[in-house]
There are 2 protein chains.
Amino acid sequence: MNYHQLVELIKKKQSFLCVGLDSDIEKLPKHLLKEEDPIFEFNKQIIDSTIEYAIAYKPNVAFYESQGIKGMLSLKKTMQYLENFKGQCLSIADAKRGDIGNTSQQYAKAFLDEKGDFNFDSITIAPYMGEDSVKPFMTYPNKWVILLALTSNKGAEDFQFIKDEEGEFLFERVLKRSQRWATKENIMYVCGATNAKMFSQIRNIVPDHFLLVPGVGAQGGSLEEVCKYGLNSNCGLIVNSSRGIIFADSSENFALKAREEAKKLQQEMKQYLENLI
Amino acid sequence: MNYHQLVELIKKKQSFLCVGLDSDIEKLPKHLLKEEDPIFEFNKQIIDSTIEYAIAYKPNVAFYESQGIKGMLSLKKTMQYLENFKGQCLSIADAKRGDIGNTSQQYAKAFLDEKGDFNFDSITIAPYMGEDSVKPFMTYPNKWVILLALTSNKGAEDFQFIKDEEGEFLFERVLKRSQRWATKENIMYVCGATNAKMFSQIRNIVPDHFLLVPGVGAQGGSLEEVCKYGLNSNCGLIVNSSRGIIFADSSENFALKAREEAKKLQQEMKQYLENLI
């Protein structure tokens, strides 16, 4: 999915909602545990019930890896299921990978290769190791790198706010430096909702890029603030909600409740989009 | 394996060699491709032939993930095989993970949990997201976090050498800041051999910690330099070689040749250790 197609999708659904599939087996509705693959069954129902309102799905790879081979099979089946919705949503491997060049190449193959088990449209990448750790992910046409800039957790303060000699924060340097290797057509940035006021500074550096925004909901970020400072004329935001949607209810009605929560967010998003695109 | 046990192991084998299992299926000896699980068969023979000289094995997770579920099964079998050598080597998941707290917890479970498919002794972690992204990996007794400080690739220059207002490099800040949450008993640092001259600066900050050193061999780092600036009175180094050992030969004699290369490095290491421990 390219930039233009993504903007069109947002216009069509009047939504920039990403549903985070942090499908923690410990939190699944109990009645699903009798299924052969409870995590996949859960994801399938979540996707079916929210596809009208969501423009992206973001499996958090950790929650699959923690279940070993079995979990990776659930992820594979989830990705196969998402093939049914090609063009209707962007898939994001929330994997936070990044290593030296020849190794990043392997991670890229793992998550972005069409012939692989996990054919994602995009993947989140940690920037610590610099250019050659990021570039191998940009060799897949119409696929995306989503680079960590400013994260939503407390630990973001430890390093991302280090000021260099020119008075620039590390996360600003990440935004600027990565412009040398990437464009708005193949890179987005993770910018946490818990730092929404920083979004105007971020928009000074990357006015046109898409930002993937976690931290709305359970982590305390506000959608209103994110939109106030982060929206651009092509929307430019993908706002993620995980727990607030997928674990809104743990009964047999979980999918219905997830749909309601997704709809609520979409309705709010629609208002912010109205005067824009 | 705790700090003391690791030092004893190094004394016993007179080696601080780590063999990197970057078992790229494209580079395996051709005769192995007829095996049911070529990657596992390769690793098994590499381990058997080098265990006398190596104190650690480091599967590079990317090379398994890139093969999808099948690759993860090869990794699982490799880890099961390493159980036969408990106490004789440290296992390192070269995974470069790191995410918000609840997600890092899942990655920790994936790689460090005894009941999981991949029961590693340690895991490499990227520091970009700070304290709460690292801490969940430190809840497993006698297991290790190996935090990226100064990596061996060119891209290390992009961010790791940013100088803050006090004139301190980012990688130095990572070393210092992480001391607040961790001790030499549960954290090591990745410090690339290609920056060996930086090791005296690094030793000023972490005199007692173990450093995991990639970059010797194929990446151009020198063992002599690493030892000159990096050794401490408990050795304090684990030096990795991947391609230089495992792909030294691609014929049916690959394991024998790997053994020779491992021995060569061990013999050199033995000299550096002689006056130390």
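Which residues are buried in α2(A)? In this predicted model, the buried residues of that helix are A:Ile39, A:Phe40, A:Glu41, A:Phe42, A:Asn43, A:Ile46, A:Ile47, A:Ser49 and A:Thr50. Helix α2 of chain A runs over residues 38–50 and, with its 13 residues, spans 18 Å between its first and last C-alpha, close to the 18 Å expected at 1.5 Å a residue. The elements that cover its buried residues include the strands β1 (17–21) and β2 (56–59) together with the helices α4 (68–82), α11 (243–246) and α12 (254–274), which belong to chain A.

One of those covering elements, helix α4 of chain A, contains A:Gly71, and this glycine is buried because 24 other C-beta atoms lie within 10 Å, where 20 or more are required. Leaving aside neighbours within four places in sequence, A:Gly71 is in contact with A:Ile39, A:Tyr64, A:Glu65 and A:Ser66, and A:Ile39 is itself among the buried residues of α2(A). By contrast, the C-alpha atoms of A:Gly71 and A:Leu32, which stand 39 residues apart along the chain, are separated by 15 Å.

Helix α1 of chain A, residues 3–13, has A:Leu6, A:Ile10 and A:Lys13 as its buried residues. These three lie on the same side of α1(A), because they cover an arc of only 80° around the axis. An α-helix has 3.6 residues a turn, so residues three or four places apart point the same way. The buried residues of α1(A) pack against β3 (90–97) of chain A, while the face turned away from the buried side carries the exposed residues A:His4, A:Gln5 and A:Lys12. After α1(A) comes A:Gln14, which has a positive phi near 50°.

Conventions: Residues are numbered from 1 along each chain as its sequence is written. Chains are lettered from A and ligands numbered from 1 in the order in which they are written. This is a predicted model: local features need pLDDT of at least 70, side-chain atom pairs count only at pLDDT 80 or more; totals for chains, interfaces and linings use all residues. A residue is buried if 20 or more other C-beta atoms lie within 10 Å of its own, exposed if 12 or fewer, and partly exposed in between; C-beta atoms are placed from the backbone. Helices (H or I, at least four residues) and strands (E, at least two) are DSSP runs, numbered from the N terminus. The arc is that of the directions from the helix axis to the C-beta atoms. Two residues are in contact if their C-beta atoms, placed from the backbone, lie within 7 Å. The expected span of a helix is 1.5 Å times one less than its number of residues.
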